[in-house]
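Notebook open. I want to look up the pocket and the sheet in this one.

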Amino acid sequence: TTKTLFITGASSGIGAATARAARLAGWNVGLFARSEDKLTALVEELGDRALALPGDVTSLDELNQAMANLRHTYGGVDAAFANAGMGLETAGTEHGDPDEWRRLIDVNIVGLLNTAKAAIPHLRARKGHMLMTGSAAGRVHIPGSVYGASKWFVHGYAGNLAEEMKEWGGRCTVIAPGMVNTAFFDEEKPDKLQPEDVADAVIFALEAKQRNTVREIFLMPSD
Ligand code: NJP
């Protein structure tokens, strides 16, 4: 049977590239993000094995509804990629704005927890796989220390969630890219990763044999 992947932040960048790569690899895909118009356009491109699921990761209710809708459409959910996230050039400490810190933490941290909480009851039924986008920025603090710390959280959480999921045969993976050419940064630079390159890493982890777990992938531009 065809497997099904749920993706947050699917309207652009790494999430959209992963949706395309997963369809090519034969997966059904559920596309979650706030921009309904972009999700609809992507479904038109990908066909009837893709489903638009508009919503905001800061809402557990919206995620629960999306997961139920995805299971209803394709019969189950095998994997979930918690990829939605925001950057903040001004997320430093001395010059940062506490209201902006809270917004960033709500999306990058609470949004991740909400996504895992909504996905796990579905994944459990299929010994499924949770993937999330961390960052090499957790080590080097780009773009801003609060952003870097929010991505460090992803890595710390994943190691612990992996233990929870092991109890029922589930797997957990963090994809940690260096800088990627997406809407995340304003300027295009040739020395960045392409979103398709990050998508390849996601597919590698997804398609690893069930007896193996890819725990973390650090993907950096070679130069
Ligand atoms: O950026 P972008 P990326 N609820 O801006 C969605 C991490 N990362 O692909 O809601 C639901 O093209 C937003 O959709 P919309 C980064 O931290 C990046 O680069 O419609 N969705 C869009 O689809 C992030 O975790 C780099 O606006 C929400 C997506 O998130 C992940 O990669 C390096 C949302 C953002 O797509 C994907 O970012 C690195 C919400 N509240 C890690 N807020 C890099 N680009 O260099 C946002 O190490 N989204």
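**Pocket lining**

I sorted the lining of the largest pocket by class and got 20 nonpolar, 16 polar and nine charged residues. My classes: Ala, Val, Leu, Ile, Met, Phe, Trp, Tyr, Cys and Pro are nonpolar, Asp, Glu, Lys and Arg are charged, and the others, Gly among them, are polar. This is a predicted model, with local features needing pLDDT of at least 70 and side-chain atom pairs pLDDT 80 or more, while totals for chains, interfaces and linings use all residues. Numbering starts from 1 along each chain as its sequence is written, and side-chain values use heavy atoms, without hydrogens and water.

The largest pocket holds about 980 Å³ of space. Of its 45 lining residues, N83, G85, M86, T182 and F184 are the closest to the centre. (Pocket: on a 1 Å grid over the protein atoms alone, an open set of points where a 1.4 Å probe fits, with protein on both sides within 12 Å along at least five of seven lines; lining residues have an atom within 4 Å of a point. Points join across faces, edges and corners, and the volume is the space filled by probe spheres set on them.) Helix 1 gives the largest share of the lining, three residues. (Helices are DSSP runs of H or I, at least four residues, and strands of E, at least two, numbered from the N terminus.)

I then traced an open sheet of seven parallel-paired strands, order 3-2-1-4-5-6-7. Strand 3 (50–54) and strand 7 (216–219) are its edges, each pairing on one side only. (Pairing takes at least two DSSP bridges.) Strand 1 (residues 4–8) pairs with strand 2 in the parallel sense over five bridges, and T4 stands opposite N28 in strand 2.
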